[in-house]
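This briefing is for a reader meeting the structure for the first time. Please look over the sequence and the model below before reading on.

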Amino acid sequence: MLLAAALLCPGLAHAGSITFCVDKANPMLPTDMAVARAAAQKAGEVAVFIERDSLKSETGGDDDAGHGENMKAIKALVHNCDLVMGFPLEDGGGNVPAGLAASRPYARTGFVAVAQGDVSGGFKGLLHKGTIGVLNMSPAETYFTTATMAHEHVYYTNDQLLGAVLNGEVNTALIWRPWLNQQLAAHPQSLHVAELNMPYANWNVVALYPQSAQNKPEVRAFNKAIEALAASRQLGALVKPYDVPAHGVSGMEE
């Protein structure tokens, strides 16, 4: 009942609360909610959640980049809550939807190399090991040149991509780490995983809100709380197995 009321009339959220929109289809949902609760508590507020499932939404999701929300859906969500959690932000922040702003980053993740065998040596090393599976329209597709395209195998879902590794169709796959973590937690496999030091392989996870709300008390309280959680090293425990963002990070080709 409370959730339904908040969805219809976000102003009904009681005083002393911060309202967070979260996506049930986002594999980082547990992390997003844990950070939101801790930040609200640090600010002396109560976390109120508005949940949606982008996989069941008419607007759909942005599966190729692991966003869990597309731009149109996010712009609609910001009218229902103070902050929209779980948005992957590229280094430099170039993918923030127009009219919105990003909070202080609270987690860092990205695409990883996964295989049944060795995954050392960076992207060039993976090329020498054989075929590489990638998700259609993902940043990993841009890593191949005319000379290396023969190594690339394109798949249309993450399930197909991981299955190709497990079935030996490809030697390695480049896959969104939160999705992989979720799958391995539910279905453990003996796999080797390595981070990628490539362009657009590493992303900071942020909360979004309207640019006009930058001075809104709830937004300022959230940002201040994230800074305090990071300074006290509490943030690292909340976002495990992901990393705490560092300032000035950037992806560089190996």
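Asn158, Asp159 and Leu162 in helix H5 meet Trp179, Leu180 and Gln183 in helix H6, where contact means heavy atoms within 4.5 Å. This is a predicted model, in which local features need pLDDT of at least 70 and side-chain atom pairs count only at pLDDT 80 or more, while totals for chains, interfaces and linings use all residues. Residues are numbered from 1 along each chain as its sequence is written, and side-chain values use heavy atoms, with hydrogens and water left out.

**The contact of H5 with H6**

- Two packed helices are described by the angle between their axes and the distance between the axes.
- The axes of H5 (residues 158-166) and H6 (residues 177-186) come within 11 Å and cross at roughly 65°. H5 is therefore roughly perpendicular to H6.
- Axes here are lines fitted to C-alpha atoms, for helices over the stretch in contact, with angles from 0 to 180 degrees between N-to-C directions.
- Angles under 35 degrees count as roughly parallel, over 145 as roughly antiparallel, 65 to 115 as roughly perpendicular and the rest as oblique.

**Buried residues of H5 and H6**

- In H5, the buried residues are Asn158, Leu161, Leu162, Gly163, Ala164 and Val165. Buried means under 20% relative accessible area, exposed over 50%, and partly exposed in between (1.4 Å probe, protein chains only).
- These buried residues of H5 pack against strands S5, S6 (132-135), S7 (152-155) and S8, and against H6.
- In H6, Arg177, Pro178, Trp179, Leu180 and Gln183 are buried.
- The cover over the buried residues of H6 includes S5 (107-115), H5, S8 (172-176) and strand S9 (192-195).
- Gly168 follows H5 and has a positive phi, near 80°.

**The contact of H2 with H7**

- Helix H2 (residues 29-42) packs with helix H7 at an angle of about 100°, and their axes are 8 Å apart. H2 is therefore roughly perpendicular to H7.
- On the H2 side the residues are Val35, Ala38, Ala39 and Lys42, and they meet Phe222, Ala225, Ile226, Ala228 and Leu229 in H7.
- The residues of the contact of H2 with H7 divide into eight nonpolar, no polar and one charged.

**The chain as a whole**

- The protein chain has eight helices and 10 strands. Helices (H or I, at least four residues) and strands (E, at least two) are DSSP runs, numbered from the N terminus.
- Of the 254 residues in the protein chain, 48% are buried.
- Among contacts in the protein chain with a separation of 6 or more, 72% are between residues 24 or more positions apart.
- The protein chain exposes about 12,200 Å², of which carbon and sulfur atoms supply 53%. Accessible areas come from the Shrake-Rupley method with a 1.4 Å probe; for residues, only the protein chains shown count as cover.

**Backbone features**

- Most residues other than glycine have a negative phi, and most peptide bonds are trans.
- Tyr200, in the loop between S9 and S10, has a positive phi near 60°. Tyr200 is partly exposed, with a relative accessible area of 47%.
- Arg233, in the loop between H7 and H8, has a positive phi near 65°. Its relative accessible area is 73%, so Arg233 is exposed.
- The peptide bond from Lys240 to Pro241 is cis, with omega near 10°. Pro241 lies in the segment after helix H8 (234-239).

**Pairs separated in sequence**

- Lys216 sits in the loop between strand S10 (202-210) and H7 (217-231). Its relative accessibility is 31%, so Lys216 counts as partly exposed.
- Lys216 and Asp82 are 134 residues apart in sequence, and their C-alpha atoms are 8.6 Å apart in space.
- Ala246 is in the segment after H8 and is partly exposed, with a relative accessible area of 44%.
- Ala246 and Asn204 are 42 residues apart in sequence and 9.1 Å apart in space, C-alpha to C-alpha.

Notes:
Ala, Val, Leu, Ile, Met, Phe, Trp, Tyr, Cys and Pro count as nonpolar, Asp, Glu, Lys and Arg as charged, and the others, Gly among them, as polar.
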